[in-house]
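Thanks for coming. Let me put the model on the screen, and then we'll walk through it.

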Amino acid sequence: MVKYIASQIGRFALLLLAVAVVTFALVSLSPVDPLQANVGQAALLGMSEEKRAALAAWWGADTPMHERFIAWAGGLLQGDMGTSLRYNAPVADVIASRAANSLVLMAAAWVVSGMLGFALGVAAALNEGRLIDRFVKGYCFILAASPTFWVGLLLLMVFSVWLGWFPLGFSVPVGVAAADVTFADALHHMALPAITLSVVGVANVALHTRAKALDVLASDYVRFARARGEHRGQAMVRHGLRNLVLPALTLQCAQIAEIFGGSVLVEEVFSYPGLGQAAVTAGLGGDVALLAGIALVSAALVFAGNLAANVIYGLVDPRMRPVRKLARATAAVGVPSAGATFGPSASPEASAVETTPPIPPASDERTPR
Amino acid sequence: MTDATAPVLSAPRTRRLPNRRRAFALAAGGALLLAAVVAAGLAVSSAAQATDFAAKNLAPSLAHPFGTDWMGRDMFLRTLAGLATSILVGLGAAVVSSLVALALAAVAALGPRWADGAVSWLTDLMMGIPHIVLLILISYALGKGFWGVTIGVALTHWPSLARILRAEILQCKSAGFVAVARQLGAGRAAIAVRHMLPYVLPQFVVGLVLLFPHAILHEAAITFLGFGLPPEMPAIGIILSESMGYLSAGLWWLAVFPGAALVICVMLFDAVGSSLRKLVDPARAQE
């Protein structure tokens, strides 16, 4: 376990380093002039020569990129992420204030889309070929083909412009002091972006869970449960769900990159002040430090998602634990062969989503007598 | 085998076309339809920019099926032209991306060990950053605009296909028929052309077609954010981002129809791709 954690930390550090280098290399290639992007053509023309030079120095336009990178990386090692020129504040502060908004939004969407997708997938599988199944499949195929920002625009149009149920944008009411913003206000503003993200994110989990649930329904242990007199729904609840939750959870963890990408678009549509909107502003304005900071944070988020998927799998599913420990445990209770039969096939690195249980864990379920 | 002789209980509820013929019809029909959209879009691209201030902000009607915008441009023509641009950019980017995937997969599967490690590390790196962030970075590096978005999409979409192709090539490399060919004295080039290529090509083509929808959606998204195609080009991302300013004025048709048209095109690509997979992949032929 210690070795695993150490190797993960090493991989993480290497990944972050690569992301930082790539970010800076890409930004240094850019022909976009940060002066023109931020000050505007007209203002730039009316400016005196000295003022223009001072601004260029402020934006670091005349410093070579590798010097800026070394200075930035040196600062990063001491916990200083640099200064966002666009927001005129330390990058860490900008990211922290916006990450709170974004993380709440993404977490809500992550949970809701996961649970909704799971429920829809199971319901579709239980009613295979019937109206519910067709509806779920059609819904998933259409949404998988829909651009997130278009769905956001539609919801904004229907629920904010026509029905007036939700505000048109931002994370707090306009013209209200920060201290007076209530929790309900924040929730009210977050609702529509979160709904958009959730609605779009459902498709993957739902289709995957549906396919897995069909496998489960065709399995021997469900057949056995049916032979004992349980009907399909009962068998699904008692024996199927525990086998379906894990792959769905893993898939959902791996989807964090998608959800982050979606949140960038949704935040732009709803003018929601989060990380994604900051990334767009930084990109359009040539704010290198902020862009690099956000790229690092997003990479860290995705990495954490993948790591969580692996760790959760190991924690929840006994078959996924390291072989040695399992063998020792079984030896202690005097069952010599159990560890060897299904231990080696499963390593934490094995693509968790694809793994089908070699032995149904539900088979040790108590039978009604 | 007619329905009359089949037992009643196992008779299908409705008569369906044979599987393969239906898949072929779907693939061919979808491809034709998309080609028609592109051709029409290119043909009307100049008409799509014609402004008519006598007919601005009109709701959808028979004369203007998708309505008109605040400059009196016909939204139907703009949508067609935008679809053509989006599809062409997506096609170009996806083709380049699939070639990158093929090259990297071949290097990883056939090259030395360290090459395999390097490619898989690169794949992990690409998958470790959200696509949109990477697209923003690449597009910014290339100065935004047409080349920014095209190269950005081309450089970011290869990882999943590269993984599939690498596995496929490895499988082929260790297959019996390749060993036999080697025993018979065939050279490396001959084995690559005669045996590997036919083995990998179907997966490659299907993977390529299934890349199109992603490429098109990401192109639209990055253009929508302001990093992609310039505002003077007709593109769905541009149309939708401009429509944002007019939503609260009640001009719903500016957003609804172009977006729906894009969704339909993406679904068509998806249908073509999965039908093609049914046709070329023996394991899925009976689905």
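First, the ground rules. This is a predicted model: local features need pLDDT of at least 70, side-chain atom pairs count only at pLDDT 80 or more, and totals for chains, interfaces and linings use all residues. Residues are numbered from 1 along each chain as its sequence is written, while chains are lettered from A and ligands numbered from 1 in the order in which they are written.

Now the two chains. Chain A puts 38 residues into the contact, and chain B puts in 36. Contact here means two C-beta atoms, placed from the backbone, within 7 Å. On chain A's side, the elements supplying at least two residues each include α1 (2-29), α7 (131-144) and α14 (288-316). Helices are DSSP runs of H or I with at least four residues, strands are E runs of at least two, and both are numbered from the N terminus. What is that side of chain A made of? By class, 31 nonpolar, six polar and one charged residues. Nonpolar means Ala, Val, Leu, Ile, Met, Phe, Trp, Tyr, Cys and Pro; charged means Asp, Glu, Lys and Arg; the others, Gly among them, are polar.

Next, inside chain A. There are two domains, 2-89 and 97-320, with bounds from an automatic or database domain assignment. Domain 1 gives 20 residues to their contact, and domain 2 gives 18. On the domain 1 side, α1(A) has the largest share, nine residues.

On to the core. The largest nonpolar core has 163 residues, and A:Leu291 and B:Ala105 are among those with the most contacts inside it. Such a core is a set of buried Ala, Val, Leu, Ile, Met, Phe, Trp, Tyr and Cys residues joined through C-beta atoms within 7 Å. Helix α2(B) gives the most, 17 residues. Leaving aside neighbours within four places in sequence, A:Leu291 touches A:Thr23, A:Val27, A:Ala279, A:Ala282 and A:Gly283.

Last, helix α1 of chain B, residues 19-43. Its 25 residues reach 36 Å from first C-alpha to last, close to the 36 Å expected. That expectation is 1.5 Å times one less than the number of residues. Its buried residues are B:Ala23, B:Ala27, B:Gly30 and B:Gly41. Why does B:Ala23 count as buried? Because it has 23 C-beta neighbours inside 10 Å. The cut-off for buried is 20 or more, exposed is 12 or fewer, and partly exposed is in between, with C-beta atoms placed from the backbone. Beyond four places in sequence, B:Ala23 touches B:Ser275, B:Lys278 and B:Leu279.
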